[in-house]
Amino acid sequence: MASSSSHENMRNLTTYRPLYKAVLKGDLATVKSICDGDPLALEARITVDLDTALHIAVGTGMANHIVMYLLNKMSRHQLGLQNSSGDTVLSIAAIVGNTRAAIMIVTKQPDLPQIANHDGRVPLLEAARYAQKEMISYLLEVSGDYLQATEYSADKPGVFFMNLLVLAGFYDMALKLVESHPPLATVEYYGGESLLSAVA
């Protein structure tokens, strides 16, 4: 079965190479021509990492005209497709800081902020890992109360997120979040420090 899947992936890499190139060039006319003539192109895996054309368009950060076109053609199911790392297109947007694409994506598929990749990281965590401050601000608005917990400890995702904010130097953002979640200020982080001592 794996061999058959691998063979199909290799065939897709060849078949959809023009689509991959067109997305990278920002060539919307060619992308339209390919996708209008082949509905399977919307969910085809066109890289070795099993990215779709939308993954690539979002990841360039400079092809949001193509992102908009693809979003208008894709179903919500297609929008939720994950690559080999388990990243959805929203995770890719979070990593590269493509906030405009993220807004368009979440408008069409509001469930994606809660979808974690294979490492268990939701888009908000990926944005924090890559120090994408504008993206963090946006995803905090659409991710529910990600920091809410009955108890806080260093192994909780919300605490990990706060630690990432400190590591990125986003102290203003971290302190603002502590105002609405005071217990986070005194939880011990991975280095044995509290949030406030880490900021200090």
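Which residues of helix 12 are buried? Hi everyone, let's start there, keeping in mind that this is a predicted model. In helix 12, residues 171-180, the buried ones are Met 173, Ala 174, Leu 177 and Val 178. Looking down the helix axis, they fall within an arc of 140°, so they line one face of helix 12. The face turned away from that buried side carries Lys 176 and Glu 179, both exposed.

A search of the whole structure gives 6 salt bridges. Another one pairs Asp 111 with Arg 76, at 3.4 Å, N to O. Asp 111 is in the loop between helix 8 and helix 9, while Arg 76 is in helix 6, so this pair ties together parts 35 residues apart in sequence.

Now, on to the core. The largest nonpolar core has 59 residues, and those with the most contacts inside it are Leu 19, Leu 70 and Phe 161. Helix 11, residues 157-168, supplies the largest share, 6 residues. As for Leu 70, beyond its neighbours within four places in sequence, its contacts include Val 31, Cys 35 and Leu 42.

Conventions
Residues numbered from 1 in each chain as written. Predicted model: local features only at pLDDT ≥ 70, side-chain atom pairs only at ≥ 80, totals over all residues. Heavy atoms only, no water. Buried < 20%, exposed > 50% of the residue type's maximum accessible area, 1.4 Å probe, protein only. Helix = DSSP H or I, 4+ residues; strand = E, 2+ residues; numbered from the N terminus. Arc of directions from axis to C-beta. Core = buried A, V, L, I, M, F, W, Y, C linked by side-chain atoms within 4.5 Å. Contact = heavy atoms within 4.5 Å. Salt bridge = Lys/Arg side-chain N within 4 Å of Asp/Glu carboxyl O.
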